[in-house]
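Subject: Structure for your review

Dear colleague,

Please find below the structure that I am handing over to you. My notes on it follow directly after.

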Amino acid sequence: MISESRYDAAAAERGDELLRAGDIEKHPAGGYRCLCKSMPLTRRVQSNGAICIGNQCRVCGRFAVVSKRGVDVAALPEYRSNEAWGVLLSALSGRDYLREREAHSAIWWAEYDAYLKTPAWQNRRRRVLDRANGICEACLEAKATQVHHTTYRHAGNEPLWELRAICGSCHEKLTELDRTREST
Ligand SMILES: [Zn+2]
Ligand SMILES: [Zn+2]
């Protein structure tokens, strides 16, 4: 959930400008995407000290490596990490699509909860636990008591390979890991 403090009026204004100019557009799947219209060559020093060159988008900072052959590397401007894009997206989304997405997500979870009460789910769940002989597929030690979704992409019509038998302790750890990763 986006906090008020992340809302940045200046960035939102800049986002509007970019939308009007056609540098970015609304993504059909929600959110925004950069069309990367201007990508000058830059020189980038990698964490291991090696230098590579690539085109970097002025708007979103996307970097696409290209061959160094025949290029005067020293003359190139330096790659700069681009935090402005993240600020801009937050500002844009804070105003509309994030709220929509949250509403959408609330509906999705309600449907998912209802699905977990259906015989179809009970049947899938039982077969996945049987397949694993009742042993947690994460630690291969504890008794599996739950079924984990490796992805929610097909929730409701999951192929059974997307489901794993898991013990309560492994499931908690995994959920915690996923949560940490999503919040960064
Ligand atoms: Zn871009
Ligand atoms: Zn386990």
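Strands β6 and β7 run antiparallel and are joined by 4 bridges. One pairing that can be located at once is that of H149, whose bridge partner in β7 is L163. Please bear in mind throughout that this is a predicted model.

Strand β7 covers residues 163-166; L163 and A165 point one way from the strand, R164 and I166 point the other way, and all are buried. This is in keeping with a general rule: in a regular strand the side chains alternate between the two faces of the sheet.

As a general matter, nonpolar side chains in soluble globular proteins tend to be buried together.

Which residues does I166 touch, leaving aside those up to four places away in sequence? They are C136, E137, A138, A144, Q146, V147, H148 and H171.

The loop between α4 (119-131) and β6 (146-149) holds N133, and L140 lies in the loop between α4 and β6 as well. Neither is a glycine, yet N133 has a positive phi of about 50 degrees and L140 has a positive phi of about 55 degrees. These values deserve a remark, as most residues other than glycine have a negative phi. Are these two positions buried or exposed? N133 counts as exposed because it has 9 C-beta neighbours inside 10 Å, where 12 or fewer is the cut-off for that class. L140 has 11 C-beta neighbours inside 10 Å and therefore also counts as exposed.

I turn next to the open sheet, which is formed by 3 strands in the order β3-β4-β5 with antiparallel pairing. Its edge strands are β3 (41-45) and β5 (63-66), each of which pairs on one side only. From one strand to the next, the twist averages 45 degrees.

Within this sheet, strand β4 (residues 51-56) is joined to β5 by 4 bridges, and the two run antiparallel. Two of the partners in β5 may be given by name: I53 has V66 as its bridge partner, and G54 has V65. The hairpin of β4 and β5 has 6 residues between the strands, and in it G61 takes a positive phi near 85 degrees.

V71 is partly exposed, since 13 other C-beta atoms lie within 10 Å, whereas D72 is exposed because it has 10 other C-beta atoms within 10 Å. How far apart in space are V71 and I53, C-alpha to C-alpha? The distance is 8.9 Å, for residues that are 18 residues apart in sequence. For D72 and R43, which are 29 residues apart along the chain, the C-alpha atoms are separated by 9.9 Å.

Just after α1, G22 takes a positive phi of about 75 degrees.

Finally, some remarks on the chain as a whole. There are 5 helices and 7 strands in the chain, and along the sequence they follow the pattern α-β-β-β-β-β-α-α-α-β-β-α. Of the 184 residues in the chain, buried residues make up 12%. Among contacts in the chain between residues at least 6 apart in sequence, 46% join residues at least 24 apart.

With kind regards

Key: Residues numbered from 1 in each chain as written. Chains lettered and ligands numbered in written order. Predicted model: local features only at pLDDT ≥ 70, side-chain atom pairs only at ≥ 80, totals over all residues. Pairing = 2+ DSSP bridges. Axes fitted to C-alpha atoms, helices over the stretch in contact; angles between N-to-C directions. Buried ≥ 20, exposed ≤ 12 C-beta atoms within 10 Å, placed from the backbone. Contact = placed C-beta atoms within 7 Å.
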